[in-house]
Amino acid sequence: VKSIAVLTSGGDSQGMNAAVRAVVRSAHYYGLEVFGVQRGYQGLLNDDLRPMDLRSVGDIIQRGGTILQTARCKEFETAEGQSQAAEMLRARGIDGLVVIGGDGSYQGANKLSKLGIKAMGLPGTIDNDIAYTDATIGFDTAVSIVVDAINKIRDTMSSHERSSVVEVMGRHCGDIALHAGLASGAETILVPEVPFDLNEVSERMRVNFATGKRHSIIVVAEGAGKGDDVARVIHEKSGIEPRVTVLGHIQRGGTPTAVDRILASRLGDFAVRQLMNGDSGKACGVVNGQLVTTDIDKVVHTKRAFNMELYELAMRLSQ
Ligand code: F6P
């Protein structure tokens with residue numbers, strides 16, 4: 001591999017810029033030419049690429065978003081789109097590609113790998129829904145944002161002796177809700193991975209308020225339901241009227257935590273080194289602190305295991 005490209009795709013996440021920086025700086029360190037692709041796979045089809053020098057990634061390690069921008073591209077999902085993208089890369093003499101994104105982005109990288117472009121995936125998503133890595137880039141920051149928001153909500157809930165339902169992102173994965181719920185001392189955590197009964201949730205809230213609790217926080221993962229619906233049912237069943245906060249896209253912005261910057265830096269550099277070793281069609285991850293690669297085919301067909309131990313801990317501590 002002599003010349004590589006890097007792109008960010010799907011929903012952005014904090015730390016994507018740190019990953020782009022790592023790919024570019026490592027590529028230069030090892031004497032490779034490196035291009036940045038603008039707007040994900042759409043940029044490949046539009047031949048929207050620019051050479052990235054060392055200084056092009058200065059002052060971005062601390063920034064949220066992605067300087068390469070991102071898009072969800074329908075055209076690239078077709079076989080024609082994929083061959084066209086591979087041709088565009090070949091025409092520029094680019095033989096390696098680093099894709100930073102989630103599940104859908106990984107599938108694209110895999111397709112290009114089968115068309116002869118050496119491609120590696122890096123887990124860039126706040127959702128933490130990718131198997132064969134302990135964490136995805138952006139997850140730690142998103143959890144910190146949710147914890148900070150719940151701290152604030154709790155202040156005012158306590159003063160008024162109220163309850164709050166906080167809806168968080170995560171698509172089909174409950175990890176943001178689980179980790180933020182545990183770290184913020186939420187009374188209830190509703191996730192798609194664990195069945196729940198709102199009768200029990202309501203009864204518990206009623207008993208807790210009756211025995212002196214001054215506030216009650218229910219974190220609901222978007223994959224488990226809508227905050228408004230949960231609040232309505234609780235109101236009907238218990239008479240308690242929770243306020244609802246939908247945190248939305250603030251979870252995806254802002255400066256990445258040190259944990260995400262370090263993860264992104266390690267993975268970006270690792271992806272470049274793996275491409276130089278001739279690897280392709282692999283997802284990079286960190287498992288028990290060690291950098292690993294796994295076939296993308298395997299990663300996209302494996303559901304990430306839910307951490308029941310953490311969930312049960314959160315429940316034990318939330319009485
Ligand atoms: O995958 C990241 C994510 O933020 C999910 O948590 C959420 O379901 C989705 O993207 C929101 O997508 P959009 O930004 O297109 O509304």
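**Note on the pockets and the ligand**

1. Let's start with the lining of the largest pocket: its residues divide into 13 nonpolar, 14 polar and 15 charged. Here Ala, Val, Leu, Ile, Met, Phe, Trp, Tyr, Cys and Pro count as nonpolar, Asp, Glu, Lys and Arg as charged, and the others, Gly among them, as polar.

2. A word on the source: this is a predicted model, where local features need pLDDT of at least 70 and side-chain atom pairs count only at pLDDT 80 or more, while totals for chains, interfaces and linings use all residues. Residues are numbered from 1 along each chain as its sequence is written, and side-chain values use heavy atoms, with hydrogens and water left out.

3. The largest pocket holds about 860 Å³ of space. Its lining runs to 42 residues, and G102, D103, G104, S105 and R171 are the closest to its centre. (A pocket, on a 1 Å grid over the protein atoms alone, is an open set of points where a 1.4 Å probe fits, with protein on both sides within 12 Å along at least five of seven lines; lining residues have an atom within 4 Å of a point.)

4. Helix α4 gives the largest share of that lining, six residues.

5. The ligand sits in the largest pocket, meaning that more than half of its atoms lie within 2 Å of the pocket's grid points. Around the ligand you'll find R72, T125, I126, D127, M169, G170, R171, E222, H249 and R252, each with a heavy atom within 4 Å of it. This shell splits into two nonpolar, three polar and five charged residues.

6. Now the polar contacts (pairs of N or O atoms within 3.5 Å). Ligand oxygen atoms lie 2.6 Å from a side-chain N or O atom of R72, 2.7 Å from a polar side-chain atom of D127 and 2.8 Å from a side-chain N or O atom of H249.

7. The second largest pocket has about 180 Å³ of space. Of the 13 residues lining the second largest pocket, A131, T133, D134, R304 and A305 lie nearest its centre. That lining divides into four nonpolar, five polar and four charged residues.

Definitions and conventions: A polar contact is a pair of N or O atoms within 3.5 Å; within protein, one must be able to donate a hydrogen and the other to accept it, and residues adjacent in sequence count only if both atoms are side-chain atoms. Grid points are joined across faces, edges and corners, and a volume is the space filled by probe spheres set on the points. Helices (H or I, at least four residues) and strands (E, at least two) are DSSP runs, numbered from the N terminus.
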